[in-house]
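Subject: Structure handover

Hello,

Here is the structure for you to take over. My notes on what was found follow below it.

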Amino acid sequence: MKKTLTVFSPAKVNLQLEIGSKREDGFHQARSIMQALTLHDTVTVSLDDGVDAYLNPDGFDDFAIDVTCTTFEGVPELAVEPEGNIAYKAAASLAEKLGREKGHIAIHIEKHIPFEAGLGGGSSNAAAVIVGLCSAWGVDDKSAEVLDVARSLGADVAFFLHGGCVQLGGRGDVYERSFEPARGTVVLVKVDEGVSTAAAYKAFDDMGGSAFGASNDATENASDLPLFNNLAAASECVLPKLAEAREWLSSRQGIAHDASGAAKVLLCGSGSATFAVVEESDSIRKAADIVAAAKLKGYWARSCSFASIGVKVLDGAGSGSNLGAPRKIW
């Protein structure tokens, strides 16, 4: 059986991120509200279950996974061996879990989401591989076995199987509830350095952490959620450039403000990208102006929109898909 599927692989932002105390397993308790974006990679999964080309000398079926990646729009190449790519790990883990270790899986990623940005690009790619393979194999990608694989790969991977806007608990990987996805235009700005997640969490612990604890039970629409990230101060301590980017972005004309007058600007996870919600009126022009100014400062910058879906197999669509992005302008 030969199948090739193209999968929409979106980025995400954390509208809220509350890190709690360390658990017995070494992870931190976390409550996260993630929102998908129209900024996306495209993942092509080619599956060949035929064994003729993959017979070893003893006549038994070999199992092979190949991962290639092409980067676009200023995203640097990731210096990692294919086996170290989370997309490879997703294919290998799922195949082992489902007893499908035969034939050849070829994965190609067209990458627009920058690495080490807090935008979940790698996790999204892993989820895209899972959904693509499940579609090819006729497996329910919401089954307990598949969700176990997703969660074993990282907290964010489970989110991308849901998409839209979802609240996750546990260590940030257990589904709790969904919100009506936010709408509007977003600007993303990234400094030229990454932030080690381990370093950010260590700084968080050294600073004594901070509590949030506000309930969102009465909120149905993600657009009504207050932005919050109690890991941001620790990440900004590790990399002060993040605070400079936040302050610069907050001062731009065209950035939306909440009821208290605060700019709707927030660090993406542990960084190093920061996102800002753009005012609704003439949002496309305003976003373009902010992106242009950010690039002049040397930042990586893009504009996009909030999205209502997660990873999704595209029927007959190629890498030029603008799925869910009628306002996409990056």
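The axes of helix 3 (residues 144-153) and helix 4 (residues 155-162) cross at roughly 135° and come within 5 Å. Axes here are lines fitted to C-alpha atoms over the stretch in contact, with angles from 0 to 180 degrees between N-to-C directions. Helices are DSSP runs (H or I, at least four residues) and strands are runs of E of at least two, numbered from the N terminus.

On the helix 3 side the contact (heavy atoms within 4.5 Å) is made by Leu-147, Ala-150, Arg-151 and Leu-153, and on the helix 4 side by Val-157, Ala-158 and Leu-161.

This is a predicted model: local features need pLDDT of at least 70, side-chain atom pairs count only at pLDDT 80 or more, and totals for chains, interfaces and linings use all residues. Residues are numbered from 1 along each chain as its sequence is written, and side-chain values use heavy atoms, without hydrogens and water.

The protein chain has 8 helices and 12 strands. Of its 330 residues, 52% are buried (under 20% relative accessible area, 1.4 Å probe, protein chains only).

Regards

Key:
Buried < 20%, exposed > 50% of the residue type's maximum accessible area, 1.4 Å probe, protein only.
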